[in-house]
Amino acid sequence: MNKKKDLSVMLVFLFFAFAPLWIAAFAYFGSGHEYGDAGTQLLCAAAMLCPTVSVFITGAICKEKIDFTGENSLKLGIYFKDKKWIWMLVAIFLPWIYRELGGWLFLAFNPECFDATIFAQEQGIDASLIAVMPLYSVVNAVVFSIGGLGEEIGWRGFMMPRLEKKMGIGPAILVGGIIWGVWHYPVNYYGHNFGTGYWGEPWLGFLIFTIFTIAMNALLTLAVKKTNSVWSAAFMHAVNNGALAISAMFMNGERLTGFWAESTVQFVVMFVPALVFGVIAFIWLLVLEKKEKEGKAREEVQVA
């Protein structure tokens, strides 16, 4: 009975997390609107709240108790003891670090793309302000992280603990990452992340983005475990989406041609550092799970 209920809870959650975005995206873009227009931002902002809304709809339909804090909860508390504040800072600044590294990696392959003046000229600001722009963007993303929280309460606060309990952390990261990636496919299809007209559209974009979401799922899940708070994932998610790297401010994309002009190639190269961190997080999670199992085994032996 419990297995059937667990499956029912997950299916109801996924339906209400997916259906609004998929229906709205295909209806909106299918009616002639283009990705990037005024309505796109509103659509994406509303979509980011769907996983959280789905949690509470699922709780009502399946009579599932939804706690905000404590064990088996959505982990909406914020804690600073036991070095949790350090992990909160890691969650906030790590996305900027891997975006920065990815940008400089791309520039290393394409030095002709380096342009020290383009950002200041386009934005109409003094070049001396460039150094503080990344910090401003990180702080801005954290302050306005409600969109990230809207997704994270659903994915990392509700879905991932249930997947982990059912199949273990390794498979849960893979399955959860795929689910999260597929959720994005309608907006990916119409231009999110990769634009349109790239080689292998849309399937190559789907594949690359799903690998990215699996890696990010590992990072975000580790952040939640280390802080016991879904806020760390919300901050990381928001900074990942909104942080501005210095390398990006020195990049003139108009100078790119051929292979390097492909949006998928650019995404993959800039994503390499995030992938490395994601693999490290995945291994870390496996080690944590092993230690937890060994600890429980020792307790059982002592009790016996």
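Ser229 touches Lys75, Gly77, Ile78, Met88 and Val224, leaving out residues up to four places away in sequence; contact here is heavy atoms within 4.5 Å.

First, the provenance. This is a predicted model, in which local features need pLDDT of at least 70 and side-chain atom pairs count only at pLDDT 80 or more, while totals for chains, interfaces and linings use all residues. Numbering runs from 1 along each chain as its sequence is written, and side-chain values use heavy atoms, with hydrogens and water left out.

Back to Ser229. It is found in the loop between H10 and H11; helices are DSSP runs of H or I of at least four residues, numbered from the N terminus. Ser229 is buried, at a relative accessible area of 0%. On that scale, buried is under 20%, exposed is over 50% and partly exposed is in between, with a 1.4 Å probe and protein chains only. A polar atom of the Ser229 side chain lies 3.1 Å from the backbone nitrogen of Trp231.

Next, Ile153, in helix H7. Its relative accessibility is 7%, so Ile153 counts as buried. Leaving aside neighbours within four places in sequence, Ile153 is in contact with Thr52, Val55, Leu74, Leu76, Phe158 and Val230. One of these, Leu74, is 79 residues away along the chain, with the two C-alpha atoms separated by 6.3 Å.

Now some backbone points. Which peptide bond is cis? The one from Glu201 to Pro202, with omega near -5°. Pro202 is in the loop between helix H9 (185-189) and H10. Asn193 also has its place in the loop between H9 and H10. Phi of Asn193 is near 75°, a positive value in a residue other than glycine, and Asn193 is partly exposed at 34%. Lys83, in the loop between helix H3 (50-62) and H4, is not a glycine either and has a positive phi of about 65°. Lys83 counts as exposed because its relative accessibility is 59%.

On to the pockets. A pocket is an open set of points on a 1 Å grid over the protein atoms alone, where a 1.4 Å probe fits, with protein on both sides within 12 Å along at least five of seven lines; lining residues have an atom within 4 Å of a point. Volume is the space filled by probe spheres set on the points, which are joined across faces, edges and corners.

The largest pocket has a volume of about 1,400 Å³. It is lined by 48 residues, and Arg99, His192, Asn193, Asn240 and Asn241 lie nearest its centre. Helices that each supply at least two lining residues include H4 (84-109), H10 (203-227) and H11 (230-242). The largest share, 6 residues, comes from H13. The lining divides into 28 nonpolar, 18 polar and 2 charged residues. Nonpolar here covers Ala, Val, Leu, Ile, Met, Phe, Trp, Tyr, Cys and Pro; charged covers Asp, Glu, Lys and Arg; the others, Gly among them, are polar.

The second largest pocket has a volume of about 1,200 Å³. Of its 38 lining residues, Asn72, Met160, Pro161, Arg162 and Lys165 lie nearest the centre. Which helix gives the most to this lining? H7, with 11 residues. Helix H1 (2-30), H10 and H13 each supply at least two.

Technical notes
Polar contact = N/O pair within 3.5 Å; in protein donor to acceptor, adjacent residues only side chain to side chain.
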